[in-house]
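Reader: I would like to learn how to read the interface between two chains in a model such as this one. Could you take me through it, giving the general idea and then the case at hand?

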Amino acid sequence: MSEQAVLEIKNLHVSVDDNEILKGVTLTIREGEVHAMMGPNGSGKSTLAYTIAGHPKYEVTEGEILFNGENVLEMEADERSKVGLFLAFQYPVAIPGVTMANFLRMAINAHREARGEPPITPVEFRKMLLEKMEMLGIDRSFAGRYLNEGFSGGEKKRAEILQMAVLEPKIAILDETDSGLDIDALRVVSEGVNKLKDQLGMGVLVITHYQRILNYIKPDFVHVLVDGRIIAEGGPELAQQLEEKGYDWVREELAKEA
Amino acid sequence: MALDERQQIELINKEYAEKYGFHDPEKYVFKARKGLSREVVEEISWMKGEPDWMREFRLRALEIFWKKPMPTWGADLSGIDFDDIYYYIKPAEKQARSWDDVPEEIKRTFDRLGIPEAEQKFLAGVGAQYESEVVYHNIKKELERQGVIFLDTDTALKEYPDLFKEYFGTVVPPSDNKFAALNSAVWSGGSFIYVPPGVRVEMPLQAYFRINAQNMGQFERTLIIADEGSYVHYVEGCTAPIYTTDSLHSAVVEIIVKKGARVRYTTIQNWSTNVYNLVTKRAVAYEDATMEWVDGNIGSKVTMKYPAIYMMGKGAHGEVLSIAFAGRGQHQDAGAKAVHAAPYTTSNITSKSISKDGGRAGYRGLVQIYPGAHHSKSNVVCDALILDPESRSDTYPYIDIREDDVSVGHEATVSKVGEEQLFYLMSRGLSEADALNMIVSGFIEPIVKELPMEYAVEMNRLIQLEMEGSVG
């Protein structure tokens with residue numbers, strides 16, 4: 001594909017149980033770009049992530065999401081994955097009895113089938129998986145463990161990045177991937193994301209409360225989400241200012257301008 | 001596209017029908033008339049040329065059957081009409097030791113079920129029962145040379161009368177319950193296994209039970225004796241055609257595990273959904289012996305089955321692993337019984353049930369510790385997975401402890417397939433149906449991994465078959 005993938009979110013309003021959480025969010029992410037979505041707790045960051053990925057609990061009441069011009073809102077979660085969207089979960093659930101390897105093979109084959117390709121051979125799969133695990137500094141024994149069951153916080157986040165590496169999305173959303181990680185784990189996970197970004201040229205939306213992760217994954221654009229609306233946008237310097245002055249500062253700045 | 005309920009049932013029945021649900025024309029050597037009477041019982045005994053003691057045993061059991069009321073607990077059995085059942089059908093003149101000698105149509109049936117192929121690949125011996133009689137039986141020569149006996153139960157009565165009489169009916173007496181009494185009265189076929197001291201049968205022995213005729217009652221009787229320090233793994237499978245009228249399968253299995261011996265008994269029950277499956281399975285385990293029941297219940301209309309282990313000697317160990325799957329119109333009342341009658345005995349019960357499309361699956365179990373069975377330990381884990389709001393799961397754990405110095409644990413979980421699990425898997429590209437399948441196969445994985453590879457594959461396939469059409 002010569003055309004660059006682009007995810008367009010236009011005037012998105014989202015409700016959960018009749019409470020409006022997102023109140024008109026507009027955002028465009030192109031392949032190769034890194035966007036940071038920053039905001040305090042309860043601002044609607046995770047709602048945005050889940051809505052893009054297609055969680056049935058989130059009801060879009062207004063606005064649209066387009067991926068390469070196609071209406072994403074009409075797609076089921078699996079179809080969104082197959083066109084090249086990926087969500088790294090903040091709290092991935094455990095699937096007992098299902099090994100990481102078996103799950104990944106099924107997922108890859110679902111993607112291949114959608115592209116009209118034959119299933120991956122066991123030999124190819126093993127080679128590919130071991131390569132990706134090595135790249136992300138993940139122990140081989142990971143492949144035989146049950147998906148997210150008994151994983152530590154750091155292991156869960158790494159497992160999410162491994163899934164991303166295997167599925168090679170065009171646009172990835174990282175939902176608070178930094179939460180619960182110590183500084184070493186954060187570095188490893190971030191380096192993994194950067195490698196994938198360079199290799200695949202994927203677009204990334206980093207959703208975070210803190211500026212910390214942005215020291216490792218350098219954003220091209222920073223957006224500030226407060227109370228369901230993007231209230232400020234800028235370059236990497238905005239993240240720095242936020243870290244120093246806090247979210248109240250942005251609110252006050254806006255008040256001054258108004 | 002969403003299928004409506006009727007289409008879903010048709011789809012499931014169609015799959016079952018193609019693989020197992022076909023039936024052959026009836027070309028029987030003998031078919032007793034419908035219904036149960038002293039005459040029918042005497043006729044069975046006479047046809048088999050049995051000794052007097054067995055005929056009397058049968059008649060005594062029949063009286064017990066008539067006296068005992070129907071169980072009022074467990075599943076609904078009111079649909080059984082004892083007068084509308086064929087209690088004995090003899091399909092062939094004689095039993096074969098080579099598949100070439102099995103009547104053509106019956107052989108074709110077992111070919112379709114893959115039995116001769118499995119025998120060549122990974123089994124030490126095979127028995128194949130068709131209606132009331134075992135039509136094929138064979139065991140590897142080297143096992144025979146080591147003194148292992150693997151016969152159908154009727155032949156064993158003729159060839160090893162003393163061994164037979166010493167153990168038959170000692171573990172499950174006719175008075176045990178109404179269906180054990182019925183089986184004792186009209187039993188036919190089943191497997192008889194004797195493993196001499198110290199002999200280890202490394203590959204499984206398998207029996208396959210097939211019902212073909214409509215309104216058939218199958219009442220096989222299995223007796224396994226594992227002598228001191230021996231080991232055997234016995235596997236049974238079963239299927240039947242789909243009929244609109246009901247069939248009855250009521251087996252009795254008795255197992256004696258002597259000092260230091262180990263027996264594993266694996267069942268993959270895949271009866272069509274018009275079969276009442278009411279089975280009494282019980283083992284006694286002596287000093288340092290191990291008895292393991294691995295019980296997969298996928299098919300049948302109603303199953304009531306609680307494999308039991310009586311731990312009679314110090315250090316005996318019992319293990320029950322069971323999976324029950326109840327789909328539309330099915331009730332799986334499965335469970336286990338662990339009786340600790342000696343000190344230092346241990347038991348583990350792991351039960352997994354899945355219910356879907358209004359099916360009902362449950363665990364009913366008893367852990368009993370006798371006075372004097374000190375330092376006994378028992379642990380029960382039962383997990384239920386409910387796939388939709390119409391389906392149901394029940395847990396009835398009974399615990400009866402009459403000794404102080406023991407440890408008994410019980411854990412039960414009931415989970416519904418969560419939206420979060422489904423969404424997580426779907427967000428990686430799996431369809432809803434594949435995601436659901438994956439959750440279910442992961443749920444039963446701890447038990448499936450205990451099965452030999454070929455059966456694990458079969459079990460997963462059967463569950464997947466049941467899962468098909470469950471997602472619109």
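**Reading the interface**

Author: Between chain A and chain B there are 14 residue pairs in polar contact, both residues at pLDDT 80 or more, where a polar contact is a pair of N or O atoms within 3.5 Å, one able to donate a hydrogen and the other to accept it within protein, and residues adjacent in sequence count only if both atoms are side-chain atoms. This is a predicted model, in which local features need pLDDT of at least 70 and side-chain atom pairs count only at pLDDT 80 or more, while totals for chains, interfaces and linings use all residues. Residues are numbered from 1 along each chain as written, chains are lettered from A and ligands numbered from 1 in the order written, and side-chain values use heavy atoms, without hydrogens and water.

Reader: Which residues form the salt bridge between the chains?

Author: A salt bridge is a side-chain nitrogen of Lys or Arg within 4 Å of a carboxyl oxygen of Asp or Glu; here Arg428(B) pairs with Glu160(A), with the closest N and O atoms 2.6 Å apart, and the count between the two chains is one.

Reader: How is His55(A) placed, buried or exposed?

Author: Buried means under 20% relative accessible area, exposed over 50% and partly exposed in between (1.4 Å probe, protein chains only), and His55(A), at 4%, is buried. Contact means heavy atoms within 4.5 Å; leaving aside neighbours within four places in sequence, His55(A) is in contact with Tyr50(A), Glu419(B), Glu420(B) and Phe423(B). A polar atom of the His55(A) side chain also lies 3.0 Å from the backbone nitrogen of Lys57(A).
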